[in-house]
Amino acid sequence: MPAISSPATILVTGVNGYIGAHVAHSLLTHGYTVRGTVRSESKGGPFKELFKKYGDKFHLVVVPDVIALNAYDDAVKGVAGVVHVSTPGPQVSVTDVDGKSFHQGSTLSAQSEDIRAFFRRPSACRGWNDQLVEQTEVRRFVLTSSALTCLEPKEGEYTYTEDDWFETALQIVKAQGIKTNPVLIYAASKILQERAVFDFMEKKKHRVGFDVVALLPVYVFGPPLDTFIDITRVPPGSLGLMYQAFNNPDGKDWDDLISGVDVLVDVRDVAELHSRALYTEKAGGERFIVAGDLFRWQDAWDALNVEPKLPGASVVAAGAGKQDKHRLQCSNKKSKETFDFEYRSNEEIIRDTWVDFLKRGWIKSVNA
């Protein structure tokens, strides 16, 4: 498909989220017009203020029920590209990997239902609706997936690539249902979502006028863009992990998600690659792992103590909190070569985030 050049209008779903806001900012700086979706007027107000300098280049549309089959019919009209960042929360009615109901309150079928709002067809993952299929202006659909979809357990040393799929996650969710670890439910949901998109494209390739790119970020760190976040109300995710780790550098009482962070990518890099995914013609039809360098928390404490040392930085002895030797890695070769891109270093990510948290008053050792 032809590359989408600015000032084309791009629909960004979940524009009020941590990644979504950065994606909108990146697109605006590239000269695109951004139409962002939020679930209510109240959620959108702060972002109108955040992007007011861009004038009518940024505007919002309310999509209150993102899994309704006609949810995006109006929002998608007149846009040249879609960047689908939003992730639906738990739903009352869900289905397991075989399309059979197994419990309430999971994200598993919500991901599939979310995709149905764009690609509609009768199946367990009914795809995108006819509005997007039939209208001719959309030329590329960029899906924010997750590198977790690749992380099938391996023995010994191994480097994951875009050819890998976490099939075991699907099997565990099928077997355990409501007892499944939420991380595995999330992994299974993203696998089903991504496969629903590519399966649809294969079946409808002679009918649609656009292609798909899937981006698969690892742990996303880095400073948030918006200035109005209440950290005490931030749900589990990247911001919460960073806040907990920065304020408990000795590693005591860390949950497994924090101690398991072993590769980072900066949220600003994730956003930039979403922009490049729109205008890089050869990216069409591909999935890309989005990953920076291998990481240990000791790297973070070392980065904070590089001169000039940052206020509040803990001096943690070398090796403190050091995880085991990395056996598993995620290859970023494909994304670097396709998008002609170099990722930020861990030192830059950590120091920039610490400085941002200082400004927000989120570092307890400084504000005590």
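Predicted model: local features only at pLDDT ≥ 70, side-chain atom pairs only at ≥ 80, totals over all residues.
Now show the strands. They form an open sheet of 7, in the order β3-β2-β1-β4-β5-β7-β10, with parallel pairing. Look at the edges: β3 (58-62) stands at one and β10 (287-290) at the other. Each has a single partner strand, so one side of each is left without a neighbour in the sheet. Neighbouring strands are turned by 20° against each other on average, direction ignored.

Select β2, residues 33-38. Strands β2 and β3 run parallel and are joined by 5 bridges. Pick T37, and then its bridge partner in β3, V61.

Move along to β7, residues 211-217. Is this strand buried or exposed? 7 of its 7 residues are buried, so β7 is largely enclosed by the rest of the structure. Colour its two faces. On one side are D211, V213, L215 and P217; on the other are V212, A214 and L216. Both faces are covered.

Next, check the partners of β7. Strand β5 runs parallel to β7, joined by 5 bridges. Select L143, which stands opposite A214 in β7. Turn to β10: this strand pairs with β7 over 4 bridges, also in the parallel sense. Here P217 has V290 as its bridge partner.

Switch to side chains. The largest nonpolar core holds 74 residues. Which members touch the most others? They are V12, L215 and W297. Helix α1 gives the most to this core, with 7 residues. Apart from it lies another core, of 19 residues, including I67, V138, L143 and V197.

Go back to V12 and display its contacts. Leaving aside residues up to four places away in sequence, V12 touches G20, V23, L27, V34, R35, G36, T37, V83 and V85.

Last stop: the second largest pocket, with a volume of about 190 Å³. Its lining has 13 residues. Select H22, H25, P223, L225 and R268, which lie nearest the centre. Helices α1, α9 (267-279) and α12 (346-360) each supply at least two lining residues. Which helix gives the largest share? That is α1, with 4 residues.

Notes. Residues numbered from 1 in each chain as written. Heavy atoms only, no water. Core = buried A, V, L, I, M, F, W, Y, C linked by side-chain atoms within 4.5 Å. Buried < 20%, exposed > 50% of the residue type's maximum accessible area, 1.4 Å probe, protein only. Contact = heavy atoms within 4.5 Å. Pairing = 2+ DSSP bridges. Axes fitted to C-alpha atoms, helices over the stretch in contact; angles between N-to-C directions. 1 Å grid on protein atoms, 1.4 Å probe; cavity = no way out; pocket = protein on both sides within 12 Å on 5 of 7 lines; lining within 4 Å. Points joined across faces, edges and corners; volume = space filled by probe spheres on them.
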